[in-house]
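Good morning, and thank you for coming. Please keep the sequence and the structure in view while I speak.

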Amino acid sequence: MEDVKFIVEPQRETAVIMDVDVAVAGGGPAGFVSAIAAARNGAKTVLIERFNFLGGMAATGLPFLTFHNLLHEQIIKGIPQELVDRLVEIGASPGHIFCPHHVSFTTFDPEMLKYVALQMAEEAGVKLLFHTFVACPIIKDNVVKGLIVENKSGRQAILAKVVIDATGDADLAVAAGAPYEKREVSILQPGTLMFRMGNVDVDKIREYIVKHPESLPTETEWEKQRIWEPKYFQENKKFILVGLRNLVKEAREKGDYKSLQDFVILITLPREGEVAINMAKVIFDGSNALSLSNAELEGRKSVMDVANFLKTYVPGFENSYLVDTAHHIGVRETRRIVGDYMLTKEDVMNDKKFDDGIAMCGYFMDVHAPGGRQQHFRGGAIKGFDIPYRCLVPRNVENLLVAGRTISSTFEAQGAIRIMATCMAVGQAAGTAAALAAKEGITPRQLNIQRLRKTLKEQGAYF
Ligand SMILES: Cc1cc2nc3c(=O)[nH]c(=O)nc-3n(C[C@H](O)[C@H](O)[C@H](O)COP(=O)(O)OP(=O)(O)OC[C@H]3O[C@@H](n4cnc5c(N)ncnc54)[C@H](O)[C@@H]3O)c2cc1C
């Protein structure tokens with residue numbers, strides 16, 4: 001590592017702008033559901049988000065991956081389902097759709113998601129602090145007392161009985177001294193700059209797949225087990241397509257495609273002719289600002305490359321145009337905290353149930369491969385596995401919970417639990433736990449877990 005110089009900042013007084021029961025850092029799927037759950041359970045709650053909307057990666061055109069298990073039983077309900085119901089009600093989502101590859105998926109209009117999430121947070125009484133970056137925790141003797149934020153008003157302090165880190169990278173937990181794991185950048189799952197294309201003739205894509213079944217994935221063992229029938233594309237107007245390796249290969253060989261990813265991932269959005277593209281892949285460290293900045297540069301170049309490829313090579317894209325790119329490059333994996341329990345590959349493979357289970361996941365381990373060229377799918381849960389409460393409780397730190405993709409898990413298990421439906425379900429548990437702990441004047445670690453499970457069951461979240 002190059003030599004780092006340090007300066008000493010002068011000591012200063014920081015104004016306390018709020019004193020709350022629960023402070024949630026980050027307004028992605030885990031964060032906004034945590035905040036709604038905390039507020040609905042009676043906690044005075046603030047949610048701090050660096051951007052100007054709620055949704056995080058849910059605001060990029062990505063669909064929610066599975067609310068179901070392989071038996072097609074719905075294993076995630078509660079606030080996440082309420083959100084989907086509201087999106088369906090206003091015509092912003094067709095609801096859940098079963099899929100041979102992803103168990104089920106739920107496509108929705110990302111702009112409407114932002115609106116509905118905000119509506120639900122406001123109705124619950126969540127105080128929102130947008131345009132605000134969470135800088136670090138306020139901590140004394142390993143006990144978190146609140147957090148320090150930075151925004152246009154300067155540096156400010158927020159005191160809180162319980163803090164939830166839903167930043168996606170465990171920014172707060174790590175700054176508070178929680179142990180964590182992070183793999184080398186060269187083997188971390190790559191990230192992707194999502195973008196949307198409009199005026200796409202989706203029927204033409206469907207016809208192409210039916211005529212060219214070889215364009216569907218059949219290379220890995222997992223893919224062979226989950227054969228995509230072209231019939232699926234005949235019957236479904238809304239789908240996720242993973243494939244078209246043949247067209248990517250042809251374009252690459254002709255020098256017309258330079259991006260890392262060797263296959264197309266396309267998600268049909270609710271509006272006719274609109275699709276989200278998950279292809280502009282970059283290898284970088286999402287918890288390092290310089291690396292992130294470079295990734296935005298590379299990601300944007302890749303978007304142009306991929307969009308040109310789609311227009312030139314993929315039937316149905318001839319008259320399409322770029323609608324927009326995501327608000328930032330998507331990060332799949334950075335830091336994973338080490339909590340009181342670490343979820344493992346075996347737990348996922350064996351549909352493990354836990355006495356302190358607080359949410360479920362029906363997805364398989366989907367770890368994008370080192371080098372960024374191929375995607376690995378390994379093993380698979382059938383009935384779905386539990387997320388233990390202990391995965392939300394970082395070791396060595398009190399009054400702090402973690403929700404979302406950074407909960408305590410090995411990298412393989414993280415490949416499953418990182419999906420947004422599970423992040424939201426975990427968020428509901430974290431928010432509920434934080435509110436109960438704040439009400440009882442105890443730390444989240446001291447919480448009676450059976451009481452938490454009972455509350456979650458009564459509120460239709462975990463059953
Ligand atoms: C390219 C890509 C494709 C994916 N595809 C799918 C898919 O198809 N379906 C699916 O279900 N999942 C998918 N995932 C996984 C899923 O999107 C994420 O794992 C999930 O969004 C994690 O939720 P989260 O709330 O933990 O984090 P995020 O969604 O990243 O939200 C974190 C929030 O915290 C805010 N924040 C971060 N740091 C700070 C700070 N210091 N101060 C203030 N605010 C902060 C961010 O602005 C953001 O709003 C994909 C992920 C990527 C990257």
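K454 is exposed, at 53% relative accessibility, where exposed means over 50% relative accessible area, buried means under 20%, and partly exposed lies in between (1.4 Å probe, protein chains only). E458 also counts as exposed, at 59% relative accessibility. K454 and E458 form a salt bridge, their closest N and O atoms being 3.0 Å apart. By a salt bridge I mean a side-chain nitrogen of Lys or Arg within 4 Å of a carboxyl oxygen of Asp or Glu. Both residues belong to helix α13 (residues 449-458), four residues apart, about one turn of the helix. Helices (H or I, at least four residues) and strands (E, at least two) are DSSP runs, numbered from the N terminus. There is also a network, in which salt bridges that share partners join D109, R196, R271, E274 and D324.

Before I continue, please note that this is a predicted model, in which local features need pLDDT of at least 70 and side-chain atom pairs count only at pLDDT 80 or more, while totals for chains, interfaces and linings use all residues. Residues are numbered from 1 along each chain as its sequence is written, and side-chain values use heavy atoms, with hydrogens and water left out.

How many salt bridges does a search of the whole structure find? The search finds 32. In general terms, side chains of opposite charge can pair when their charged atoms come close.

Next, please turn to D356 and R390, a salt bridge in which the closest N and O atoms are 2.8 Å apart. D356 lies in the loop between α10 (345-349) and β17 (357-361), and R390 in the loop between β20 (385-388) and β21 (400-402), so this pair ties together parts that are 34 residues apart in sequence. Is D356 buried or exposed? D356 is buried, because its relative accessible area is 6%. R390 is partly exposed, with a relative accessible area of 28%.

I now come to the domains. The chain is divided into domain 1 (17-183 + 335-362 + 387-458) and domain 2 (191-325), with bounds that come from an automatic or database domain assignment. Their contact takes 24 residues from domain 1 and 24 residues from domain 2, where contact means heavy atoms within 4.5 Å. The C-alpha centres of the two domains lie 29 Å apart.

About 1,900 Å² is buried between domain 1 and domain 2, and carbon and sulfur atoms give 64% of that area. Buried area is the accessible area (1.4 Å probe) that two parts lose on being put together, summed over both. Which three residues supply more than any other three of the area that domain 1 buries against domain 2? They are P100, H101 and F105, which supply 32% of it. Across this interface the rule finds two salt bridges. Elsewhere in my list of pairs, the side chains of K182 and D285 meet in a salt bridge of 2.7 Å, N to O.

Let us consider helix α9 (residues 289-313), where S293 lies. S293 is partly exposed, with a relative accessible area of 46%. Y313 lies in helix α9 too, and Y313 counts as buried, at 13% relative accessibility. What does Y313 touch, not counting residues up to four places away in sequence? Y313 touches L247, E250, A251, K254 and D256. Although Y313 and E250 are 63 residues apart along the chain, their C-alpha atoms are separated by 8.7 Å.

Finally, two backbone angles deserve attention. Most residues other than glycine have a negative phi. H131, however, has a positive phi, near 55°, and is found in the loop between β6 (127-129) and β7 (133-140). H131 is exposed, with a relative accessible area of 54%. N396 has a positive phi as well, near 70°, and is found in the loop between β20 and β21.

Thank you for your attention.
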